[in-house]
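Please look over the sequence and the model below before reading on.

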Amino acid sequence: MQPTIIMRPDIPDATGKVDLQVRLSGLELFWSHGAVRKTFILLVLAAVWEIYARVLGNPLLFPTLTDTLISLWSSVLNGVLFERTWASLKILVLGYGVGVLLASALTILAINTRLGTDLLETLTATFNPLPAIALLPLALIWFGLGIGSLVFVLVHSVMWAVALNTHSGFRSVSPTIRMVGCNYELKGLRYVFKILVPAAFPTILTGLKIGWAFAWRTLIAAELVFGVSSGQGGLGWYIFENRNILDIPAVFAGLLMVIVIGLVIENLIFKTIERSTIQKWGVQN
């Protein structure tokens, strides 16, 4: 493998001049990839899990990673875990989508009118501190034991995080960029989508990530309650059901699936959006 040359402006050579290049070995080049380092961290955590569980020796309290993976594979083969996961993801996409659309509408109104700004600031100050799961009892009364209640709490968990970050990003757009839109006589939605959204997209993407994380954990918590109430649900009900029968490896398998889905969405979907937008535009390295 040929050594790779990278820029290093901080290392002087023997003559006292600054050497702008340094050669990396194959191992150093391999370690320079973020995916490699993250995989290493995950492997270390997996080893710590396995060693701790074996030293503890109490599978009802903390099963080994091996037993958890066996239970996970068994649930995948019989289709139960896929069925529960698919049920959760369908509701998640629906609630997340509605929350993002409402947040977008509220933010567009806020950036174009003073009344809209006051409305957004008042609503976020009032409802953002309120945990979404705390609204679940009201949602059960208003919408009953069904998808409507879950969507309601998901919209609440997504809407304010996305709206706050989007509005903050819009307000941080430099006056120079704003004047470009004015010179092209862009107004209303054309001004928002052609000028503000590209300039503020890093902040918007951060809000989308935060909203997704809030929605995912709110959904799992809400499904635990729905499992108690109606005996149905997705991954949350899968975890609750196996806890009741003391199948602790299956409980950990459900939790592991929640983590895996989070890692996949973060590193596959959001990273792909980031590479194709803000990195491509030169907004971020």
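The largest pocket is lined by Leu42, Leu45, Ala46, Trp49, Leu65, Leu69, Phe252, Leu255, Leu256, Ile259, Val260 and Leu263. A pocket here is found on a 1 Å grid over the protein atoms alone, as an open set of points where a 1.4 Å probe fits, with protein on both sides within 12 Å along at least five of seven lines; a lining residue has an atom within 4 Å of a point. The space in this pocket is about 350 Å³, a volume being the space filled by probe spheres set on the points, which are joined across faces, edges and corners. By class the lining has 12 nonpolar, no polar and no charged residues. Nonpolar covers Ala, Val, Leu, Ile, Met, Phe, Trp, Tyr, Cys and Pro, charged covers Asp, Glu, Lys and Arg, and the others, Gly among them, are polar. Helices α2, α3 and α11 each supply at least two lining residues, and α11 gives the largest share, 6 residues.

The model is a predicted one, in which local features need pLDDT of at least 70 and side-chain atom pairs count only at pLDDT 80 or more, while totals for chains, interfaces and linings use all residues. Residues are numbered from 1 along each chain as its sequence is written, and side-chain values use heavy atoms, with hydrogens and water left out.

The protein chain has 11 helices and 2 strands. These are DSSP runs numbered from the N terminus, with helices (H or I) of at least four residues and strands (E) of at least two. From the N terminus on, the order is β-β-α-α-α-α-α-α-α-α-α-α-α. Of the 285 residues in the chain, 37% are buried, where buried means under 20% relative accessible area, exposed over 50%, and partly exposed in between (1.4 Å probe, protein chains only).

The loop between α2 and α3 holds Pro63. Is Pro63 buried or exposed? Its relative accessible area is 1%, so Pro63 is buried. Leaving aside neighbours within four places in sequence, Pro63 is in contact (heavy atoms within 4.5 Å) with Trp49, Ala53, Thr68, Ile248, Pro249 and Phe252. Ile248 lies 185 residues from Pro63 along the chain, yet their C-alpha atoms are separated by 6.9 Å.

Not counting residues up to four places away in sequence, Tyr96 touches Val158, Leu208, Gly211, Trp212, Ala215 and Phe270.

Helix α7 has 19 of its 25 residues buried. Its expected span, 1.5 Å times one less than its number of residues, is 36 Å, and its end C-alpha atoms are 36 Å apart, so the two agree.

In α10, 7 of the 10 residues are buried, namely Leu235, Gly236, Trp237, Tyr238, Ile239, Phe240 and Asn242. At 56% relative accessibility, Leu246 counts as exposed. Its phi is near 60°, a positive value in a residue other than glycine. Most residues other than glycine have a negative phi.
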